[in-house]
Structure formats: C-alpha cells, structure tokens
Amino acid sequence: MYRKSHAVRTFLCLLLTFVFMTVFSAQSLLAASDQKPSVAWPEAPAINSGAACLMDADTNAILFGANMDEQRYPASITKVMTALLVAENKQPADQVTFGEQAVSESIPGNARINVQLGETISVEDALHAILLASANEVCTQLAIDIAGSVEAFADMMNERAAALGCTNTHFTNPNGLPDPNHYTTAHDMALIMQEAIKNETFLRVESDLSYTIPPTNMTASPRPLQNHHVMLFQEDPTYGYQGAFAGKTGYTDEAHNTLVTAAKRNNVTLICVVLTCDNLDYITDTRSLFDYGFQHFTHHTLKDTKKESLSGTISLPKDAKLKSATYTDPDDAAELESFTRQYFYDGHPIGTAEVSSKKASSSDSSSSSSETSPTGIVTPEANRDDASSTGSLSSPLYILLGLNAAAILVLIFAVIQRSRKKRKRRRRKNHRK
C-alpha cells in the first residue's frame, strides 16, 4: 500500500511540474510576443546638436528625435516660413519697393543685399534674396507689403504654424533676429519645411544654388547671390549630400548654428532639423541622421481589407514585418464614415491612413475594431484574450504546448506500465507461495 501511494504522489508531482512549466513558458512567450516586434527600432547615431528631428516627409513618421519639442531660437531658418507665405501671397512678377523701415536693417552685421531707399525689385528676386542670401531687410519689406506691418505678418506666421500642427512655436519677426518671444522646436520646423517643399515656387527658388539680381532703378550693377547651404551643392566632395534639394541655414550668437534640410532618395523624402549647434556639428549631424534614415527605413503602402478602404503609407524599419505594427483609431471611429488611423511600431509613430468603411452586412459592421486585418495588424487596445483569438499566439508557443502535452501523456503511460508490471510481479510471487 505504501509503495502504491508513493507512486501516485510521485506521478502527481511530476504532472504538476510539467503543468507549471507549460504555463510559465506560455506566459513568457506571450509577454515576449507582446513587447518585442519582429525587428527592433534601428539604433540611431550619436549627435552633438542641442536638439534634432528627422522626419519622413511622406508619412510624418519621426525616425529620430532628440529634445525635438524643446523651445529654442531658430535664427534664419525662420525664413522658410517667411518665404512660404511670400510664395502663397505674391506672384513672382510682382514688384517690391523698399521703405525706411526695411532699409534701416540693411546695415553691417545683418545678412543683407544692401538695398537703398526707394529701390524696386521683383518678388522673384526677393525670394532668392531671402532663401539664398538670407537678406533680413528683404524679409521685412515683404512682411510689410503682405500684411501691412511686421507685427501683422508675425501673426500670419503664427496662424500658419498652428494650422500645420506646430505647438511650441511663436514668431515675432520674419527674419529670425533675436527676440525672447521668437522661438520654435526641431519638430515644428520639420512640419513647416514639410509644407514649404510642397510649394512649387519655393522649390523652384531653392533649386537655384546661385542667382543674379539684375540692375535696378537704384543700382547699376547686378547682384550675384549664392546659396549658403553647402550640403545642397551635391557634387561638392567635402560638404555636398546626394539627394539634398532644399534647406536653410541660420546663425545668431543666441541661437548658435541652426539648419533645416530636405533630401530625397529612392522616392523617400526626409527632413532633418538641427538646432543649437557649434562648429560644423550642424552639417555632420545632419549628414549622419540622413544616412541613418535612408539606410534603415522603407515605405509600406497600406492595402484595403475586406471591410475597410485604406489610403496611406507608413515607414517601417527595413526587414520589419508589417504585422508587428499596431494602430489606434479615434474613440468614435465606429460612428464615423471616415477617420484618420495612427500607426505605431515599437512605440514610434510611423504614419497615418485615411480609413473608410466599405458597404457590408450589419453583422460585418458590428464586428470589433480590434479584429486582425488581412495585413495582420492588431490594435494595441485589444486585450490579451482577444489577441489570442486573432492569432497572436506564435508558432513556437503552439509547439511548446504540444511537446508538454506529449510529455504528460508519455509520463502517464509510463506510470501505468510500471503499475502493471508491479501487479504482475505480485501475482507471480503470490502464485509461487
């Protein structure tokens, strides 16, 4: 009797051990599958800039950010917004005549083209002076022509910035001269540049690395201009960057060096903003971040599902699986005919899609938004039970569960066989007696 009890206890202990191992292994695999995507977010290079942002202009994905929402002085990269508003509110052939306020800024120490009182140039000339020569007095005169005053133009700048999604930007002038209330962030400047490169006039002016303002009513000699942004000279073996097509430099003692740049390779357009830079860090950091973005990320165009029409492109690390991405929908998405869906990868926002429901039966329309789409993307709000029902259990977990179940069956069979052998031995022994 003792031996039989002992065998039963041994069997139960082994059985419980296997059960605990199975449960623990299952929980570990579930946790790992929830926390780790198929490919980790690429490791970014070290930079020296005080703040930086690398954004995919096509998807809005932030590929890199360092203090990117901290308010800092922009200096002359402010002129990207100024040039955008000029391009949107003036025609290239329009004429600009300089008054006293603008001419007063045409002094040594200021970036300028040395305009004279009463001198007239075209808006085409003025835009080149702003973006290539960073001429402060030209910004001031255009601001007055468009809005009536510098203050009114600054209001326009702030309204436009807010409309673009900028949340930490406030402009007080069109040229970026130091002012405690004139500030922006690396992220906000990326949003402004993203809008600027959509403007055909802005892009055309930026494509001219050199330009000559012809003689005017006050100046007999032509004025040759050259872009200050050396990375735009793509063939320059020292500073040029292949694919760089637009940008603006900035510098004041308060802001240090600042730089905003757009570059395109293989149909991917990236925008890099660096602020508060010393020495040549604004160039080396921009180059490093562009290399990082182009080497490690790619685009995925989202496809329609059986129930939804999707229009959008997202950025993913190369070799990453689309099913490792997650998304969030607005709280009232089920009540909307169309809405914007935000996608994430490893906690990073990687793009959005415009979503509209297809005509479906009432049973289809009542389905939960946490269902897995044909792309394999599961909403992060789905609870663990829902995730299990939509295939979030990995193949290795199924294999582990099967192996443990098989081991338990083998153990049971072994115990039964051992018990049978013991009974046979007892019978033989009793028979001999």
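This is a predicted model: local features need pLDDT of at least 70, side-chain atom pairs count only at pLDDT 80 or more; totals for chains, interfaces and linings use all residues.
The protein chain contains twelve helices and 15 strands. Of its 433 residues, 44% are buried. The chain exposes about 22,300 Å². Carbon and sulfur atoms supply 52% of that area. Among contacts with a separation of 6 or more, 61% join residues 24 or more positions apart.

In soluble globular proteins, nonpolar side chains tend to be buried together. The largest nonpolar core here holds 58 residues. Within this core, Met81, Ile113, Val138, Met193 and Ile271 touch the most other members. Helix 7 (residues 186–196) gives the largest share of the core, with seven residues.

The contacts of Ile271 come from several stretches of the chain, residues up to four places away in sequence being left out. Cys53, Leu54, Met55 and Ala57 are among the residues that Ile271 touches. Ala190, Met193, Gln194 and Ile197 are also included. Val260, Thr261, Ala262 and Phe290 are touched by Ile271 as well.

Helix 5 (residues 136–147) has twelve residues. At 1.5 Å a residue, helix 5 should span 16 Å. Its end C-alpha atoms lie 17 Å apart, which agrees. Nine of the twelve residues are buried, so helix 5 is largely enclosed by the rest of the structure. The buried residues are Asn136, Glu137, Val138, Cys139, Thr140, Gln141, Leu142, Ala143 and Ile146. Val138 is also one of the core residues that touch the most other members. The buried residues of helix 5 pack against helix 2 (79–89), strand 3 (95–97) and helix 3 (100–103), and also against helix 4 (123–131) and helix 6. Gly148 follows helix 5 and has a positive phi, near 100°.

Helix 6 (residues 150–163) includes Asn158. With a relative accessibility of 17%, Asn158 counts as buried, because the cut-off is under 20%. Leaving aside neighbours within four places in sequence, Asn158 is in contact with Thr169, His170 and Phe171.

The salt bridges number eight. In one of them, Arg223 pairs with Glu119, and the closest N and O atoms are 3.0 Å apart. Arg223 lies in strand 6 (residues 223–226), while Glu119 lies in the loop between helix 3 and strand 4 (120–122), so the pair ties together parts that are 104 residues apart in sequence. Both partners are buried: Arg223 has a relative accessibility of 10%, and Glu119 has 0%.

Arg204 forms a salt bridge with Glu124, with the closest N and O atoms 2.5 Å apart. This pair also links distant parts of the chain, 80 residues apart. Arg204 is in helix 8 (residues 200–206) and Glu124 is in helix 4. Arg204 is partly exposed, at 34% relative accessibility. Glu124, at 16%, counts as buried.

Glu195 forms a salt bridge with Lys198. Their closest N and O atoms are 3.6 Å apart. Lys198 is exposed, with a relative accessible area of 57%. Through shared partners, salt bridges join Glu88, Arg160, Glu195 and Lys198 into one network.

Tyr239 sits in the loop between strand 6 and strand 7 (244–252). At 31% relative accessibility, Tyr239 is partly exposed. Tyr239 and Thr284 are 45 residues apart along the chain, and their C-alpha atoms are separated by 9.0 Å. Not counting residues up to four places away in sequence, Tyr239 touches Val230, Met231, Leu280, Ile283 and Arg287.

Conventions:
Residues are numbered from 1 along each chain as its sequence is written. Side-chain values use heavy atoms; hydrogens and water are left out. A nonpolar core is a set of buried Ala, Val, Leu, Ile, Met, Phe, Trp, Tyr and Cys residues joined through side-chain atoms within 4.5 Å. Buried means under 20% relative accessible area, exposed over 50%, partly exposed in between (1.4 Å probe, protein chains only). Helices (H or I, at least four residues) and strands (E, at least two) are DSSP runs, numbered from the N terminus. Contact means heavy atoms within 4.5 Å. Accessible areas come from the Shrake-Rupley method with a 1.4 Å probe; for residues, only the protein chains shown count as cover. The expected span of a helix is 1.5 Å times one less than its number of residues. A salt bridge is a side-chain nitrogen of Lys or Arg within 4 Å of a carboxyl oxygen of Asp or Glu.
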